[in-house]
Amino acid sequence: MRVLLIGANGYLGRFVADRLLADPAVQLTALGRGDDADVRFDLASGSPGALTRFLDAVHPGVVINCAGATRGGARELTRHNTVAVATVCEALRRSGCGARLVQIGCGAEYGPSQPGSSTAEDAVPRPGGPYGVSKLAATELVLGSGLDAVVLRVFSPAGPGTPAGSPLGRLAEAMRRAMQSGDGELKLTGLGAQRDFVDVRDVARAVHAASLSAAQGVINIGSGRAVRLRDAAAVLARVAGYGGALHELDGPPGPLRTTIGHPRADSDHASHVGHGSHPGHAAPAAYPYPDGCGSWQQADVRTARDRLGWRPRINLEESLGDIWMEAACRI
């Protein structure tokens, strides 16, 4: 099976590439903006015609799109998350390869949900920010393309490679600094949000399964369990061996407070992270986890089980252990 992987150097893409390379039946070609891609191509600025010519030459059976931007203004997010996907869909429509498309979406497309509820694929999406809007627009383009396509809505990926700017990444970095300086207490804000964390290696398994299946439409990929960030912090402290006190502070962050939920306000681009690090400046105190999803998000993952034969295998403690190992090695 010839697979064209777009965004192989991103957070999710790296693990998808590893998973596919471990399958002897897969012949993998990586397309991206970096020098180490097999083929250099920028989806946000390249033409559908140029991509069509490449597809006709390589003739893949499956195209997997893990690329996208997680930070930046609405214009940048639209270019990298929506226009880029329009280019992929149009190129596939023009090409004679007949490839199946596996598009990586995200839980931020749904927006806020009722605390205690599980969000299924038939929920009406109401994204609460430009990132979720740009990803939802991409999903609608894929679903309306007439292609053999599936969209995996990945909730909050965690595990090795978690970006330092994501909530879990910032939490690990704050704990590393506290341990390094001998601080007996760690003061944090933004720990009230509850998110559905799923290990990035389990996500890669889901992508592999989707590429081999005939499933179409939208499929949620998550753990099926919402976890409060303060509980994740307690687990991380145990994994790290941090014996100090964790103090959650309410209100806007002050000089002594480490804010977990707020990403940097820069506009750097990265291949798709899913969510966890999202665009925008500091969010209001009421929604300190700035993905536009409010205080609660939990996936209904029965469709992934029924249509892909997929279940999450790696628990959050193992994911946090890997995040901590990387943070502890950071100089």
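In which sense do strand 6 and strand 10 pair, and over how many bridges? Select strand 6 (residues 149-154) together with strand 10: the two pair in the parallel sense, over five bridges. Here strands (E, at least two residues) and helices (H or I, at least four) are DSSP runs numbered from the N terminus, and two strands count as paired if DSSP finds at least two bridges between them. Zoom in on V151, which stands opposite V218 in strand 10.

Before moving on, a word about the model. It is predicted, so local features need pLDDT of at least 70 and side-chain atom pairs count only at pLDDT 80 or more, while totals for chains, interfaces and linings use all residues. Numbering starts from 1 along each chain as its sequence is written, and side-chain values use heavy atoms, leaving out hydrogens and water.

Now show the whole open sheet: seven strands in the order 3-2-1-4-5-6-10, with parallel pairing. Its edges are strand 3 (39-40) and strand 10 (217-221), each pairing on one side only.

Angles run from 0 to 180 degrees between N-to-C directions, using axes fitted to C-alpha atoms, for helices over the stretch in contact. Then bring in helix 3 (residues 74-94), lying across strand 1, strand 4 and strand 5 (100-106) and running at about 165° to strand 5.

**A stop at S95**

Select S95, in the loop between helix 3 and strand 5. Leaving aside neighbours within four places in sequence, S95 is in contact (heavy atoms within 4.5 Å) with T52, L55 and D56. The side chain of S95 also reaches the backbone nitrogen of C97 at 3.0 Å.

**The second largest cavity**

Finally, look inside. A search of the whole structure finds two cavities of 30 Å³ or more; a cavity is a set of points, on a 1 Å grid over the protein atoms alone, where a 1.4 Å probe fits but cannot get out, and lining residues have an atom within 4 Å of a point. To see its lining, select T162, A164, G169, A172, I323, E326, A327 and R330. Helix 5 (167-181) and helix 9 (316-328) are the elements giving two or more residues to this lining, and helix 9 gives the most, with three.

How values were computed
A polar contact is a pair of N or O atoms within 3.5 Å; within protein, one must be able to donate a hydrogen and the other to accept it, and residues adjacent in sequence count only if both atoms are side-chain atoms. On a 1 Å grid over the protein atoms alone, a cavity is a set of points where a 1.4 Å probe fits but cannot get out, and a pocket is an open set with protein on both sides within 12 Å along at least five of seven lines; lining residues have an atom within 4 Å of a point. Grid points are joined across faces, edges and corners, and a volume is the space filled by probe spheres set on the points.
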